[in-house]
Amino acid sequence: MTRKIVIAGNWKMNTTLEEGLQLATSIRNKTEKTTDLDIILCPPFTHLHPVSQCLENSAIQLGGQTLHMQEKGAYTGDISGTMLRQVGCAHVLIGHSEQRQYHQETNHSVREKYIAALKASLIPIVCVGESQEERESGQTFTVLETQLREGFQGIENQIQASCIIAYEPVWAIGTGLVATPQQAQEAHAFIRQTLKSITPYANEIRLLYGGSIKPDNFSQIIQQEDIDGGLIGGASLT
Ligand code: PEP
């Protein structure tokens, strides 16, 4: 099964609008002839519309960093899937560990947001991953399985081949610590195996590794059988 490689850049809460537009323009110029990768940029909400204009007529796609589970209403500070779609997003990150840590994201809210994303015709990029403590106490697989099973509970038939899952060990995000290619492959193989018991699309769904990816460590990671791309934070800003 060949799965097209995905490179997704999560800018987090970084870049001024001017810097964001410069970055998007430079990525656009450097990847003009690239056809063998899906490239997705996830800038801050305030940059989405201008960045989408800057990427017009390019193959680069745009994603939100999260969304609200409701379509509209009294949710000060939140953004709906429809709003993301209207400013040119095709994707949205759900369940990023920083949302889990700082914004009370749970497996239950991941599930609700997944449904909301599909309703808005957005492709969800669902993030899962264990903390350092969980890895050290041998719970990595249990944590991943729980995140997947609870995140998709009762909506297994809504999982689409186009949906993307990112394995992001929390201990590797923004820390400079990177999973070894073997550790990453082992987790990805486990995720794919678990998906096989949930959906018929397990072999088509693209699984991304995320966690301190840099140009010098990515080439080995991407060679692993079950790794179909990268979700890149810090290094995506340069
Ligand atoms: C991320 O934010 O999803 C991420 C993987 O960050 P970093 O590459 O900086 O570790």
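Me: How many helices and strands are in the chain?
Reply: Helices and strands are both present in this predicted model. The count for the chain is nine helices and eight strands.

Me: What share of contacts between residues at least 6 apart in sequence join residues at least 24 apart?
Reply: Of the 238 residues, 51% count as buried. The chain exposes about 11,700 Å², of which carbon and sulfur atoms supply 49%. Among the contacts asked about, the share that joins residues at least 24 apart is 70%.

Me: Is Cys42 buried or exposed?
Reply: Cys42 belongs to strand β2, which covers residues 37-42. Apart from neighbours within four places in sequence, Cys42 is in contact with Gly9, Asn10, Trp11, Lys12, Gly63, Gly64, Gln65 and Leu93. Buried means under 20% relative accessible area. Cys42 has 0%, so this residue is buried.

Me: What distance separates the C-alpha atoms of Cys42 and Thr66?
Reply: Along the chain, Cys42 and Thr66 are 24 residues apart.

Me: What distance separates the C-alpha atoms of Leu93 and Gln22?
Reply: Leu93 and Gln22 are 71 residues apart along the chain. The separation of their C-alpha atoms is 23 Å.

Me: Which residues come nearest to the ligand?
Reply: There are 14 residues around the ligand. This shell divides into four nonpolar, eight polar and two charged residues. Those that come nearest are Lys12, Glu168, Gly174, Ser212 and Gly234.

Me: How much of the accessible area of the ligand does the protein cover?
Reply: A polar side-chain atom of Asn10 lies 3.1 Å from a ligand oxygen, and a side-chain N or O atom of His96 is 2.9 Å from one. A polar backbone atom of Gly174 is 2.6 Å from an oxygen atom of the ligand. Of the 300 Å² of accessible area that the ligand has on its own, the protein covers 96%.

Me: What phi does Lys12 have, and where is this residue placed?
Reply: Most residues other than glycine have a negative phi. Lys12 has a positive value, near 55°. The place of Lys12 is the loop between β1 (5-10) and α1.

Me: Is Gln104 buried or exposed?
Reply: Gln104 is in the loop between α4 (97-102) and α5 (107-119). Phi of Gln104 is near 55°, a positive value in a residue other than glycine. The cut-off for exposed is over 50% relative accessible area. Gln104 has 66%, so the residue counts as exposed.

Me: Which backbone atom does the side chain of Thr31 reach?
Reply: Thr31 sits in the loop between α1 (17-30) and β2, and counts as buried because its relative accessibility is 18%. Beyond neighbours within four places in sequence, Thr31 is in contact with Ile39 and Ile60. At 2.6 Å, its side chain reaches the backbone oxygen of Ile27.

Me: Which backbone atom does the side chain of Thr199 reach?
Reply: Thr199 is in the loop between α8 (181-196) and β7 (206-210). Thr199 counts as buried because its relative accessible area is 5%. Its contacts, leaving aside neighbours within four places in sequence, are Ile159 and Ile205. At 3.0 Å, the side chain of Thr199 reaches the backbone nitrogen of Tyr201.

Terms used
Residues are numbered from 1 along each chain as its sequence is written. This is a predicted model: local features need pLDDT of at least 70, side-chain atom pairs count only at pLDDT 80 or more; totals for chains, interfaces and linings use all residues. Side-chain values use heavy atoms; hydrogens and water are left out. Helices (H or I, at least four residues) and strands (E, at least two) are DSSP runs, numbered from the N terminus. Buried means under 20% relative accessible area, exposed over 50%, partly exposed in between (1.4 Å probe, protein chains only). Contact means heavy atoms within 4.5 Å. A residue is near a molecule or strand if one of its heavy atoms lies within 4 Å of it. A polar contact is a pair of N or O atoms within 3.5 Å; within protein, one must be able to donate a hydrogen and the other to accept it, and residues adjacent in sequence count only if both atoms are side-chain atoms. Accessible areas come from the Shrake-Rupley method with a 1.4 Å probe; for residues, only the protein chains shown count as cover. Ala, Val, Leu, Ile, Met, Phe, Trp, Tyr, Cys and Pro count as nonpolar, Asp, Glu, Lys and Arg as charged, and the others, Gly among them, as polar.
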